[in-house]
Amino acid sequence: MEKYYEVEAVKKALRISTALFDDEISALVDAAKADMTGAGINVDNKDISALVLQAIKFYCRAYFSTNVDDSWAKHYEKLRDAIAARGVRTADYTETDNDR
């Protein structure tokens with residue numbers, strides 16, 4: 001998935017229409033992906049799953065302000081952990097999919 005699409009999806013979720021915050025949102029998208037990678041989730045595929053994109057949105061809702069929103073952070077952590085526990089299904093064939 002292209003970075004532009006991810007940033008636009010997050011902006012829509014945050015109800016932001018201006019490009020003024022694109023750099024900050026892009027940095028948050030990168031931070032969310034880094035955190036998910038640390039949890040064992042493959043986010044480098046071109047076609048990341050809808051669950052991964054939703055987790056990115058939750059992360060950005062939690063951290064896009066000077067005050068961290070604990071409820072969104074908890075939503076993100078629960079979804080991240082659930083994705084990591086089950087493995088991310090993508091359009092690409094993975095060994096995990098073969099085991100099912």
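Helix α1 (residues 3-13) and helix α3 pack at an angle of about 55°, their axes lying 10 Å apart; axes are lines fitted to C-alpha atoms, for helices over the stretch in contact, and angles run from 0 to 180 degrees between N-to-C directions. This angle makes α1 oblique to α3, where angles under 35 degrees count as roughly parallel, over 145 as roughly antiparallel, 65 to 115 as roughly perpendicular and the rest as oblique. The structure is a predicted model, in which local features need pLDDT of at least 70 and side-chain atom pairs count only at pLDDT 80 or more, while totals for chains, interfaces and linings use all residues. Residues are numbered from 1 along each chain as its sequence is written, and side-chain values use heavy atoms, with hydrogens and water left out.

On the α1 side, Tyr5, Ala9, Val10 and Ala13 take part, meeting Leu53, Ile56, Lys57, Cys60 and Arg61 of α3, with contact defined as heavy atoms within 4.5 Å. By class, the contact of α1 with α3 comprises seven nonpolar, no polar and two charged residues. In this classification Ala, Val, Leu, Ile, Met, Phe, Trp, Tyr, Cys and Pro count as nonpolar, Asp, Glu, Lys and Arg as charged, and the others, Gly among them, as polar.

Helices (H or I, at least four residues) and strands (E, at least two) are DSSP runs, numbered from the N terminus. Of the 100 residues in the protein, 36% are buried; buried means under 20% relative accessible area, exposed over 50%, and partly exposed in between (1.4 Å probe, protein chains only). Among contacts between residues at least 6 apart in sequence, 58% join residues at least 24 apart.

Helix α3 (residues 50-63) also packs with helix α4 (residues 70-86): their axes come within 8 Å and cross at roughly 155°. The two helices are therefore roughly antiparallel to each other, and α3 passes α4 in a left-handed crossing. The contact brings Leu51, Val52, Gln54, Ala55, Phe58, Tyr59, Arg61, Ala62 and Tyr63 of α3 against Trp72, Ala73, His75, Tyr76, Leu79, Ile83 and Arg86 of α4. The residues of this contact divide into 12 nonpolar, two polar and two charged. Arg61 belongs to the α3 side here and also to the α3 side of the contact with α1.

A search of the whole structure finds four aromatic pairs. Rings of Phe, Tyr and Trp (its six-membered ring) pair if their centres lie within 6.5 Å; planes under 30 degrees apart count as stacked, over 60 as edge-to-face and the rest as tilted. The rings of Phe58 and Trp72 have centres 5.4 Å apart and planes at 40°, so this pair is tilted. It links distant parts of the chain, with Phe58 in helix α3 and Trp72 in helix α4, 14 residues apart. Phe58 is buried at a relative accessible area of 17%, whereas Trp72 is partly exposed at 24% relative accessibility. In a further pair, the ring centres of Tyr59 and Tyr76 are 5.1 Å apart and the planes stand at 75°, so the arrangement is edge-to-face. Tyr59 lies in helix α3 and Tyr76 in helix α4, so the pair ties together parts that are 17 residues apart in sequence. Both Tyr59 and Tyr76 are buried, and together with Tyr63 they form one aromatic cluster.

Ser26 is found in helix α2 (residues 22-38) and is buried, with a relative accessible area of 18%. When residues up to four places away in sequence are not counted, Ser26 touches Lys3 and Val7.

Arg15, in the loop between α1 and α2, has a positive phi of about 60° although it is not a glycine. With 70% relative accessibility, Arg15 counts as exposed. Asp44 is found in the loop between α2 and α3 and counts as exposed at 70% relative accessibility. The C-alpha atoms of Asp44 and Lys33 are separated by 8.5 Å, the two residues being 11 residues apart along the chain.

Conventions. Left-handed = near helix turned anticlockwise from the far one by under 90°.
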